[in-house]
Amino acid sequence: MKLPKLNLLIICFLFLGILVNSGCKKHRDKVEPGTEDPEDPDNENNMDFLSQDVEIFFSSGKFNPSDNGFFCGLSTIDSTTKSIWKISFNGTSCNSKKKREGMIIISIEKGTRWEDKGAIMSVQFINYKVTDLSTNRTVEMVGTQKIMNETGGSIVNMIDNKLVHVIRTIGLKYFFDGKPKTINEAKRRTFYKVGIDYHIENSGDTIIKGYPYPDVAEWGTTVKLIPYQVSYLEPLIANTCGGKTKFISGKKFHKSSSSGTTTIYGVTRDGDLDHTCDAWGYKVTWIDKSDVTNKRIYKY
């Protein structure tokens, strides 16, 4: 079955889930007694990795269920109309690394084409579950994301070399090893072409009453059922870096514990700033119950 202009219409999905790979290795400094450990950022990485799976899937044009590459587990693609695509996964693995189950439904809710200015796309995850076969850990996504093409155009045909998407999500559920995290999102994502690479700027797009920080990008409850909010204190800047997309700069504040955690993207192995494609990873800092400042550095 042929999906008309799918590569051009939905290629922009490639960049929507651009956080670091979920298989990162941890480099941790000495942690003092009484540490209030931050929530494991691997959970957040896995969450975004799921979105990246979907986005790369749509931009690649690889629709063969027997493909041994990134999209193992694909069962069927059904497009009964020009504006709805149903993608099913059969729970099998062809690369011995991951298996996928469930369904993803993409639909155009507003506009005739995704390139239309103001077009709105819905991405519905129906029990979409990925199992890492090396660790047997699972991540499952249930709910709907909505993306508006504010400027119009696509990645391959940007208007005035800029493309702006507005992301809204209410009540999306992520299950990490069966433990649910509730996600609400209000984000703006701006794409620029810089040479052969793309430059992607992510910013928070709402304010929460009673929360002292502006530019809130995400809020909800953690896997420990604790309310949380995430503000982008500085826009999160990503670059495709010749094929491996990574955040090269940006700062976010995640408030769920008493002090909250601050994440700085684009650092060296020692935690110094490196806002280039050579950046080693990102640094997380927090204050523990003994009023001691702690840090950990995570590799991309």
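A: The model is a predicted one, in which local features require pLDDT of at least 70 and side-chain atom pairs count only at pLDDT 80 or more, while totals for chains, interfaces and linings use all residues. Residues are numbered from 1 along each chain as its sequence is written, and side-chain values use heavy atoms, with hydrogens and water left out. Strands here are DSSP runs of E with at least two residues, and helices are runs of H or I with at least four, both numbered from the N terminus. Two strands are said to pair if DSSP finds at least two bridges between them.

β13 also pairs with strand β12 (residues 216–221), in the antiparallel sense and over five bridges. Within this pairing, Glu218 has Val230 of β13 as its bridge partner. The hairpin of β12 and β13 has five residues between the strands, and Leu225 there takes a positive phi near 65 degrees.

A further antiparallel pairing links β13 to strand β14 (residues 246–255) over eight bridges. Six residues lie between β13 and β14 in their hairpin, and Cys241 in the turn has a positive phi of about 50 degrees.

Tyr228 has a charged neighbour: Lys181 lies over the face of its ring, at 4.8 Å from the ring centre. A charge is taken to sit over a ring if NZ of Lys or CZ of Arg is within 6 Å of the ring centre and within 35 degrees of the ring normal.

Aromatic rings interact elsewhere in the chain. Rings of Phe, Tyr and Trp (its six-membered ring) pair if their centres lie within 6.5 Å, with planes under 30 degrees apart counted as stacked, over 60 as edge-to-face and the rest as tilted. By this rule the protein has nine aromatic pairs. Tyr174 and Phe176 count as stacked because their ring centres are 6.5 Å apart and their planes lie at 10 degrees. Both Tyr174 and Phe176 are buried, where buried means under 20% relative accessible area, exposed means over 50% and partly exposed is in between (1.4 Å probe, protein chains only). Tyr211 and Tyr213 make a tilted pair, 5.8 Å centre to centre with 55 degrees between the planes. Tyr211 is counted as buried because its relative accessibility is 10%, whereas Tyr213, at 33%, counts as partly exposed. One aromatic cluster is formed by Phe247, Tyr265, Tyr282, Tyr298 and Tyr300.

11 bridges join β4 to β5 in an antiparallel arrangement, and Ile106 has Val123 of β5 as its bridge partner. On to strand β6 (residues 137–149), β5 is joined by 12 bridges, again antiparallel. Thr131 has Thr138 of β6 as its bridge partner. The hairpin of β5 and β6 has four residues between the strands, and Asn136 in the turn has a positive phi of about 65 degrees.

A nonpolar core is a set of buried Ala, Val, Leu, Ile, Met, Phe, Trp, Tyr and Cys residues joined through side-chain atoms within 4.5 Å. The largest such core has 42 residues, of which Ile104, Ile106, Val123 and Phe125 touch the most other members.

Ser122 is found in strand β5 and counts as buried because its relative accessibility is 6%. With residues up to four places away in sequence set aside, Ser122 touches Ile105, Ile106, Ser107, Glu109, Thr144, Gln145 and Lys146; contact means heavy atoms within 4.5 Å. Lys98 lies in strand β4 (residues 98–110) and, at 17% relative accessibility, is also counted as buried. From Lys98 to Ser134 the C-alpha to C-alpha distance is 8.0 Å, across 36 residues of sequence.

For the protein as a whole, the secondary structure comes to two helices and 17 strands. Of its 300 residues, 50% are buried. Among contacts with a separation of 6 or more, 51% involve residues 24 or more positions apart.
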